[in-house]
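I opened my notebook to go through one protein model. Here is what I looked up, entry by entry.

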Amino acid sequence: MSIVLGIESSCDETSAAVCIDGSIRSNIIANQTIHEKFGGVVPELASRAHQQHIIPAVEQAIREAKVHKNDIDAVAFTRGPGLLGSLLVGTSFAKAFALARHIPLIEVNHMHAHILAHFIDEPMPRFPFLCLTVSGGHTQLVLVKDYFEMELLGQTLDDAAGEAFDKTAKILGLPYPGGPLIDRYAQEGNGEAFPFPEPQVPGLNFSFSGLKTAILYFVQQKQREQPDFLQVHINDICASVQSRIISILLNKLKRAASETKVTQIAIAGGVSANSGLRAELMALGEKQGWRVFIPRFEYCTDNAAMIAIAGYFKYLSKDFVGQDVVPMARYGI
Ligand code: KG4
Ligand code: ZN
């Protein structure tokens, strides 16, 4: 039997999870609400909140998994990419835990972990598969050849898809993080009400900064003509923005699938929680004859279950690191 403790602290979620023989037994996520009033994550505050939350989160994860901390065989932690101060808290905790308990330490790439979340529950994809990873910091099209053998086919040249949601929300006067709110308003709106432009980006790369500017100018102009424009049309605006972000993502995904001839398609990351994206991907998959994999909601946004499962695979191949390991704000796939 193998018991792996997973620790995630790359951004504003402090999370701890326990994985027993490849099965997730607990996944505790402590959200940091402090950032709401600043309209985005404040790195310094995030580090301090991690420091406060990490011990209670780990204790609860161990308790819920009904294991004893003496029985944990290895500790896996997010090494990067992410906010350095946040990563340092999780890394230092994991090092101390491994040192005190004389157990191996396992480093995990956060972007790998988002993808490997597909191996928590059935149905699981078979290699090779394509994964569109869309989060607050990344937008990547990845060809996944094996658990830790991944090829980056395309990525965003500017803002990430999650940022496009969050920055639009800010323009619309909605609180941070705006993605889930836009999703909610969009469900009541018409996605074709305001056709925002689709950027022309070569190859399999993405760009979202032009869309953000187009939305800003559009809202400013409309508000000059009609001061209550936002209040009256919020559902249609959200639906139109969301529909454009989804079409940008799915058009590139279609292109990647046709270029690689891969028919197993997955999505991962915080934006994969978006109900419109999930529904449209299912419909597109049916049309294209793809097998589509969509993570459970709790495994879309940042969580330690995905770190624990990635750690479990590394544990099996004895892929450990020493106490001299350092976190990395940038960490390629
Ligand atoms: O993966 P994640 O939790 O953190 C990063 O690693 O960045 O992703 C967070 C991002 C945020 O931008 C948030 O607005 C977005 O995911 N998000 C959503 C939804 N839920 C979370 N965007 C659109 N619709 C949602 N339902
Ligand atoms: Zn993430």
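This is a predicted model: local features need pLDDT of at least 70, side-chain atom pairs count only at pLDDT 80 or more; totals for chains, interfaces and linings use all residues.

**Entry 1: the domain**

I began with the UniProt record. An unreviewed entry there puts "domain: Gcp-like" at residues 24-308. I looked up what that stretch is made of, and the chain over residues 24-308 is 47% helix and 17% strand.

In what order do its five strands sit? I wrote down 8-7-6-9-10, in an open sheet with mixed pairing. Strand 8 and strand 10 (291-293) are the edge strands, as each pairs on one side only. From one strand to the next, the twist averages 25°.

I also found a helix lying on this sheet. Helix 7 (residues 229-260) packs there and touches strand 6, strand 7, strand 8 and strand 9 (264-268). The direction of helix 7 makes about 160° with that of strand 6.

**Entry 2: two hairpins in a row**

Do strand 6 (residues 129-134) and strand 7 (residues 139-146) run parallel or antiparallel? They run antiparallel, and six bridges join them. I traced the link from strand 6 to strand 7 and found a hairpin of four residues. Two pairs I marked here: Phe129 has Val144 in strand 7 as its bridge partner, and Thr133 stands opposite Gln140, also in strand 7.

Going on to strand 8 (residues 149-155), I found that strand 7 is joined to it by six bridges, and this pair is antiparallel too. The hairpin from strand 7 to strand 8 goes through two residues. I noted one pair here, Leu141 with Gly154 in strand 8.

**Entry 3: around ligand 1**

I looked at what lies around ligand 1. How many residues surround it? I got 19, and the closest are Ser135, Gly136, Gly162, Gly179 and Gly270. Helix 4 (161-171) and helix 5 (179-186) are the elements that give two or more residues to this shell. I sorted the shell by type: six nonpolar, ten polar and three charged.

I stayed with helix 5 for a moment. Its residues Gly179, Ile182, Asp183, Tyr185 and Ala186 are buried. The buried residues of helix 5 pack against helix 4, helix 7 and helix 8 (275-288).

**Entry 4: one UniProt binding site**

Back in the record, an unreviewed entry lists a "binding site" at Thr133, Val134, Ser135, Gly136, Gly137, Asp166, Gly179, Asp183 and Asn274. I checked two of these residues more closely.

Thr133 lies in strand 6. I call Thr133 buried because it has 28 C-beta neighbours inside 10 Å, and 20 or more is enough for that label. Not counting residues up to four places away in sequence, Thr133 touches Met111, His114, Ile115, His138, Gln140, Val142, Ala268 and Gly269. Gln140 is the residue I had already noted opposite Thr133.

Gly137 sits in the loop between strand 6 and strand 7. Why is Gly137 partly exposed? It has 19 C-beta neighbours inside 10 Å, and a residue needs 20 or more to be buried. With neighbours within four places in sequence left aside, Gly137 is in contact with Pro81 and Ala160.

**Entry 5: another binding-site listing**

UniProt, again in an unreviewed entry, also places a "binding site" at His110, His114 and Asp302. These residues are spread over 193 residues of sequence, but they cluster in space, with a largest C-alpha distance of 8.9 Å.

I have His110 down as buried because 26 C-beta neighbours lie inside 10 Å. His114 is buried too, with 31 other C-beta atoms within 10 Å.

His110 is in contact with Ser10, Thr78, Gly80, Pro81 and Gly82. For His114 I wrote down Thr133, Ser135, Ala268, Gly269 and Met306.

Conventions:
Residues are numbered from 1 along each chain as its sequence is written. Chains are lettered from A and ligands numbered from 1 in the order in which they are written. UniProt positions are given in the numbering used here, feature names are shortened, and annotations may be inferred rather than shown by experiment. A residue is buried if 20 or more other C-beta atoms lie within 10 Å of its own, exposed if 12 or fewer, and partly exposed in between; C-beta atoms are placed from the backbone. Two residues are in contact if their C-beta atoms, placed from the backbone, lie within 7 Å. Two strands pair if DSSP finds at least two bridges between them. Axes are lines fitted to C-alpha atoms, for helices over the stretch in contact, and angles run from 0 to 180 degrees between N-to-C directions. A residue is near a molecule or strand if its C-beta atom, placed from the backbone, lies within 6 Å of it. Ala, Val, Leu, Ile, Met, Phe, Trp, Tyr, Cys and Pro count as nonpolar, Asp, Glu, Lys and Arg as charged, and the others, Gly among them, as polar.
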